[in-house]
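Welcome! Let us take a walk through a protein chain together, one step at a time.

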Amino acid sequence: MNAPANLPRSPRTSVMLRAFVFGTDGKAPSEHRVVNVSDSGLCIGQAERLRAGTIVVVNIGMVEHAPADIVWVDSGLAGLKFHEEIDVAAARTRNKDAGGSHAPAAGWMAELRSPYGH
């Protein structure tokens, strides 16, 4: 299902980037081609295994550990909405870390995987 046309959204910029998406299961992140990005969300490809309604953490460019909701998944694409606006210029800046795929090591995302959590 595509995003409803009547919902307001920030202007999107088409890009040639990749994003790493971390789930709450502690598994390795999935890598995705970014179709477009804005300060409030992004559209990614290779999204067949993602599920709408899931909360994930996204690394894109120099933006790391950005929590997002998967809003829709359709025909191999997914629309994600960030919990807080991101810096699009930083997202478009390539991360010097080969892969930029460091898992969150602190904060609520890391606590979800903690065997000592409540």
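**A guided look at the chain**

S75 is exposed, with a relative accessible area of 69%; here exposed means over 50%, buried under 20%, and partly exposed in between, using a 1.4 Å probe and protein chains only. This residue sits in the loop between β5 (63-74) and β6 (77-82). Its phi is positive, about 50 degrees, although S75 is not a glycine. That deserves a second glance, because most residues other than glycine have a negative phi.

Before going on, a word about what you are looking at. This is a predicted model, in which local features need pLDDT of at least 70 and side-chain atom pairs count only at pLDDT 80 or more, while totals for chains, interfaces and linings use all residues. Residues are numbered from 1 along each chain as its sequence is written, and side-chain values use heavy atoms, with hydrogens and water left out.

Now step back to the whole chain. There are 2 helices and 6 strands, where helices (H or I, at least four residues) and strands (E, at least two) are DSSP runs numbered from the N terminus. Starting at the N terminus, the order of elements is β-β-β-β-β-β-α-α. Of the 118 residues in the chain, 38% are buried. The accessible surface comes to about 7200 Å², and carbon and sulfur atoms account for 53% of that surface; such areas come from the Shrake-Rupley method with a 1.4 Å probe, and for residues only the protein chains shown count as cover. Contacts, meaning heavy atoms within 4.5 Å, also reach along the sequence: among those between residues at least 6 apart, 57% join residues at least 24 apart.

How do the strands line up? Take β3 (41-44) as your guide. A hairpin through 3 residues joins β2 to β3, and these two strands pair in the antiparallel sense over 3 bridges. Strands are said to pair if DSSP finds at least two bridges between them.

In soluble globular proteins, nonpolar side chains tend to be buried together. Which residues touch the most other members of the largest core? Of its 24 residues, they are V34, V37, L42, I44, V58, I60 and L80. The elements giving two or more residues to this core are β1, β2, β3, β4, β5, β6 and α1 (88-91). Leaving aside residues up to four places away in sequence, I44 touches A19, V21, H32, R33, V34, V35, L50, G76, L77, A78 and L80.

Helix α1 is also the place of A90, which is buried with a relative accessible area of 19%. Not counting residues up to four places away in sequence, A90 touches I60, G61, M62 and V63. The C-alpha atoms of A90 and M62 are separated by 5.1 Å, although the two are 28 residues apart along the chain.

N59, in strand β4, counts as buried at 1% relative accessibility. Its side chain reaches the backbone nitrogen of H65 at 2.8 Å.

What about charged pairs? Side chains of opposite charge can pair when their charged atoms come close. The chain has 1 salt bridge, defined as a side-chain nitrogen of Lys or Arg within 4 Å of a carboxyl oxygen of Asp or Glu. E31 forms a salt bridge with R18, and their closest N and O atoms are 3.1 Å apart. Because E31 lies in strand β2 (residues 30-37) and R18 in strand β1 (residues 13-22), the pair ties together parts that are 13 residues apart in sequence. E31 is partly exposed at 44% relative accessibility, and R18 is partly exposed at 40%.

Finally, look at Q46, in the loop between β3 and β4 (55-60). Q46 has a positive phi of about 55 degrees although it is not a glycine, and it is partly exposed, with a relative accessible area of 41%.

Technical notes: Core = buried A, V, L, I, M, F, W, Y, C linked by side-chain atoms within 4.5 Å. Polar contact = N/O pair within 3.5 Å; in protein donor to acceptor, adjacent residues only side chain to side chain.
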